[in-house]
Amino acid sequence: MTLSRRAATEAWRLLGHLKETLGHPRRASWAVRSRRCRQCLCFMRKMLAAVSRVLSGASQKPASRVLVASRNFANDATFEIKKCDLHRLEEGPPVTTVLTREDGLKYYRMMQTVRRMELKADQLYKQKIIRGFCHLCDGQEACCVGLEAGINPTDHLITAYRAHGFTFTRGLSVREILAELTGRKGGCAKGKGGSMHMYAKNFYGGNGIVGAQVPLGAGIALACKYNGKDEVCLTLYGDGAANQGQIFEAYNMAALWKLPCIFICENNRYGMGTSVERAAASTDYYKRGDFIPGLRVDGMDILCVREATKFAAAYCRSGKGPILMELQTYRYHGHSMSDPGVSYRTREEIQEVRSKSDPIMLLKDRMVNSNLASVEELKEIDVEVRKEIEDAAQFATADPEPPLEELGYHIYSSDPPFEVRGANQWIKFKSVS
């Protein structure tokens, strides 16, 4: 193996220093010779370290990649998935599905990114870098990634305040999300929205009022139908919002007008700190639409979520009207960062879900056991994801906050600038679209 020009240059430089240091040892005193020997040893160590760095960079990393590339992976594999419970439907999603190696690696990376991003948000909140409300979704990664895998980028999605994962799967970067959480100028809402209010193309937030996004989602579906586009709207809410009256009003209007709306209840078993059994007379949320067909889906299995979403989207696109999905999932954190999450459930319960139903672990086991990927390859993805998250966190803590004069910006879209009164009548801000 030949060394690079840079490594050879560094080696010759060190050899030159070595020659100068040694000089003429016989003409020097014992103390001088001793000092020169120590210097010689130091230079030799530097030289060996330089050569070692080049050799490791030239051999180890490519060797790992060559090992992965040379392995004969399967292109796809077929898996059995849990059958969905049905309401007012004769047939449901399939009970088998095909996962390609390419999709599997993409899903794994996305779920791992959402998990690491939420853990980093937890850390930044505890360091008081993130302030205000912060609701994390770690444990529910199969929901946001699986739903996105079952629709088109041109379809629409609106959700409640546990929105970070959906913001990422809808196309925004981790850097934009974390910077928004820390209230910085580079955030996806210019640092003004925070945890609850994030937006992207065909993604309408993060909404802080419990259940209020559901009629908004029905309105988005009405716009899809009115404009004659072959698009659907995914309208998400939690089990804690499932008893809100406005949700049933939205059901009624969507059914009357046959709107292409997929109502999705993310049932993570606890509305804030109250279990579903104590909050609802009926916990069959997929039947709550009554006259609207429904599905109950294993929300911890990304393949099950994907196939159910494809089925529901096809149902809506066919002109049959709305459909209701209940995703049975679980959040590892408490309701929000102010909730430790262990006063109303045991640590053993959380650990049991982690060990038996973790969505990332389930996908990893499937891919490795079916020769779609190797453990080493998935570990490389883990390392890359961690670096991406760390880089994003560095940006989110170093980026400046938005200046005060931008306080009134972006009130309306495509309007000419106008003045906005500040905290008192003597302070004026100019609003710019």
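1. Ala, Val, Leu, Ile, Met, Phe, Trp, Tyr, Cys and Pro count as nonpolar; Asp, Glu, Lys and Arg count as charged; the others, Gly among them, count as polar. By that scheme, the lining of the second largest pocket divides into five nonpolar, five polar and six charged residues.

2. Basis. The model is predicted: local features need pLDDT of at least 70, side-chain atom pairs count only at pLDDT 80 or more, and totals for chains, interfaces and linings use all residues. Residues are numbered from 1 along each chain as its sequence is written, and side-chain values use heavy atoms, with hydrogens and water left out.

3. Overall make-up. The protein has 13 helices and 12 strands. These are DSSP runs (helices H or I, at least four residues; strands E, at least two), numbered from the N terminus. Of its 433 residues, 47% count as buried. Buried means under 20% relative accessible area, exposed over 50%, partly exposed in between (1.4 Å probe, protein chains only). Take contacts (heavy atoms within 4.5 Å) between residues at least 6 apart in sequence: 71% join residues at least 24 apart.

4. Cores. A nonpolar core is a set of buried Ala, Val, Leu, Ile, Met, Phe, Trp, Tyr and Cys residues joined through side-chain atoms within 4.5 Å. The largest has 70 residues. Leu147, Leu234, Ile262, Val297 and Met325 have the most contacts inside it. A second, separate core has 23 residues, including Leu259, Cys261, Cys265 and Tyr286. Beyond four places in sequence, Leu147 touches residues including Phe166, Leu234, Ile264, Met325 and Leu327.

5. Largest pocket. On a 1 Å grid over the protein atoms alone, a pocket is an open set of points with protein on both sides within 12 Å along at least five of seven lines; lining residues have an atom within 4 Å of a point. The largest pocket holds about 380 Å³ of space. Its volume is the space filled by probe spheres set on the points, which are joined across faces, edges and corners. The lining has 24 residues, and Tyr161, Arg162, Gly238, Gly240 and His335 lie nearest the centre. Nine are nonpolar, 11 polar and four charged. Strand 5 (233–238) and strand 7 (270–271) each supply at least two.

6. Second largest pocket. Its volume is about 300 Å³. Of its 16 lining residues, Arg269, Asp298, Met300, Gln328 and Thr329 are the closest to its centre. Helix 9 (276–279), strand 9 (294–298), strand 10 (323–328) and helix 11 (347–357) each supply at least two residues of this lining.

7. Arg162. This residue sits in the loop between strand 4 (156–158) and helix 5 (164–169). Arg162 counts as buried because its relative accessibility is 11%. A polar atom of its side chain lies 2.9 Å from the backbone oxygen of Leu136. Beyond four places in sequence, its contacts include Cys137, Asn268, Arg331 and His335.

8. Glu180. Helix 6 (residues 174–181) holds Glu180. At 1% relative accessibility, Glu180 counts as buried. Its side chain reaches the backbone nitrogen of Gly193 at 2.6 Å.

9. Arg101. Helix 3 (residues 101–126) contains Arg101. The side chains of Arg101 and Glu377 make a polar contact (2.7 Å). That term means a pair of N or O atoms within 3.5 Å; within protein, one must be able to donate a hydrogen and the other to accept it, and residues adjacent in sequence count only if both atoms are side-chain atoms.

Technical notes. 1 Å grid on protein atoms, 1.4 Å probe; cavity = no way out; pocket = protein on both sides within 12 Å on 5 of 7 lines; lining within 4 Å.
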